[in-house]
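Please read them with the sequence and the coordinates open beside the text.

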2 protein chains.
Amino acid sequence: MVEAPRNTRQRRAVVAILEDLDGFASAQEIHDILKKRGESVGLSTVYRSLQVLADAAEVDALRNDDGEVLYRQCSAGHHHHLVCRSCGRTVEVEGPTVERWADKIAEENGFQDVAHTLEIFGTCNSCASARA
Amino acid sequence: MVEAPRNTRQRRAVVAILEDLDGFASAQEIHDILKKRGESVGLSTVYRSLQVLADAAEVDALRNDDGEVLYRQCSAGHHHHLVCRSCGRTVEVEGPTVERWADKIAEENGFQDVAHTLEIFGTCNSCASARA
DNA sequence: CAAGTAGTTGGGAATCATTGTCAAATGACC
DNA sequence: GGTCATTTGACAATGATTCCCAACTACTTG
Ligand SMILES: [Zn+2]
Ligand SMILES: [Zn+2]
Ligand SMILES: [Zn+2]
Ligand SMILES: [Zn+2]
């Protein structure tokens, strides 16, 4: 029997940040935001909380070009992301055609336990105009 | 004026390995293979060579689930991959529909300088039967 | 409310891929 | 062969993430 996770101040604080943010953010960024808000949480705990949330599919995780893992509270169900490289602003997108295409490709080649990653990166218009 | 890169034993050795391999491999794996073959090359040099090749689009690079960067000598032109998680065996795949879809999504949302990542991971049939 | 217990925290050490450093080695060109 | 800028390689440094473990605390029970 698996014990229920405890309802701790730290976990609540991390979830609260994720609810406020609308884009992807790294564990360290979330840690910094918590520190700024005075609701300090240990860095290890931030990492752990995000892992737990990601395992439970409560948040989505992806890697940026630098290899850092970014987290975001998304809506349920399988989807992909259009992410601003500079500010993290994110649009959730769906592509039923892509899903079918990927599965078909894998099946045709005899692959099992198939999963796929698909992310679109770019510069959002507010970041683009700020840069001009 | 940019100087032409030198033709060194080390660079040739790395390229030779990439030509032999048919799947993705990490810098460290390539370094190990070189060592086994007696054609030893410093680890830093392997990393540097792969970076140069990747910048020149001579090889493709992607990250596995663990965040390691894997390299592979691929055919020219934009394409994606169906990769065996266990042995790295790779099938190059193309999805013109996906390309258009991604660009359209980005444009509709006012994103610029758009790029996308799309990889399919699974277990190839030889690895699947070996596991049974 | 008090005590017991097991999940949780935090901060510092450890890990590990990757990058930086710089003196020594070596292609390219004469 | 001589010159010189590029390249190499051993080692240090970096940086995100994980590990460790003693102290802490959210729940349960009486
Ligand atoms: Zn932006
Ligand atoms: Zn999908
Ligand atoms: Zn395989
Ligand atoms: Zn593509």
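1. A residue is taken as buried here when its relative accessible area is under 20%, as exposed when that value is over 50%, and as partly exposed in between. The model is a predicted one, and with that cut-off Cys124(A), at 0% relative accessibility, counts as buried. Cys127(B) has a relative accessibility of 15% and therefore counts as buried too.

2. On the cysteines, a further point concerns pairing. A disulfide would require a pair of cysteine sulfur atoms within 2.5 Å, and by this rule the count over all chains comes to zero.

3. As to the overall make-up of chain A, the chain holds five helices and six strands, and from the N terminus on its elements follow the order α-β-α-α-β-β-β-β-α-β-α. The C-alpha trace of chain A spans about 55 × 55 × 25 Å along its principal axes. Of the 132 residues in chain A, 40% are buried. When contacts in chain A between residues at least 6 apart in sequence are considered, 47% of them join residues at least 24 apart.

4. Helix α1 (residues 9-20) of chain A packs against helix α2 (residues 27-36) of chain A at an angle of about 105 degrees, and their axes are 10 Å apart. Angles of 65 to 115 degrees count as roughly perpendicular, so α1(A) is roughly perpendicular to α2(A). On the side of α1(A) the contact is made by Ala13(A), Val14(A), Ile17(A) and Leu18(A), and on the side of α2(A) by Ile30(A), Ile33(A) and Leu34(A). Sorted by class, this contact of α1(A) with α2(A) comprises seven nonpolar residues, with no polar and no charged residues.

5. Leaving aside residues up to four places away in sequence, Ser49(B) touches Arg11(B) and Val14(B).

6. How is chain B laid on chain A, by what turn and what shift? A turn of 180 degrees with a shift of 0.0 Å along the axis superposes chain B on chain A with an RMSD of 0.0 Å, which is the relation of a two-fold axis. The same surface serves both copies, in that 100% of the contact residues of chain B recur in chain A. Among the residues of chain B, Leu118(B) comes closest to the rotation axis, with its C-alpha at 2.2 Å.

Conventions: Residues are numbered from 1 along each chain as its sequence is written. Chains are lettered from A and ligands numbered from 1 in the order in which they are written. This is a predicted model: local features need pLDDT of at least 70, side-chain atom pairs count only at pLDDT 80 or more; totals for chains, interfaces and linings use all residues. Side-chain values use heavy atoms; hydrogens and water are left out. Axes are lines fitted to C-alpha atoms, for helices over the stretch in contact, and angles run from 0 to 180 degrees between N-to-C directions. Helices (H or I, at least four residues) and strands (E, at least two) are DSSP runs, numbered from the N terminus. Angles under 35 degrees count as roughly parallel, over 145 as roughly antiparallel, 65 to 115 as roughly perpendicular and the rest as oblique. Contact means heavy atoms within 4.5 Å. Ala, Val, Leu, Ile, Met, Phe, Trp, Tyr, Cys and Pro count as nonpolar, Asp, Glu, Lys and Arg as charged, and the others, Gly among them, as polar. Buried means under 20% relative accessible area, exposed over 50%, partly exposed in between (1.4 Å probe, protein chains only). Copies are superposed by least squares on the C-alpha atoms of residues with pLDDT of at least 70 in both.
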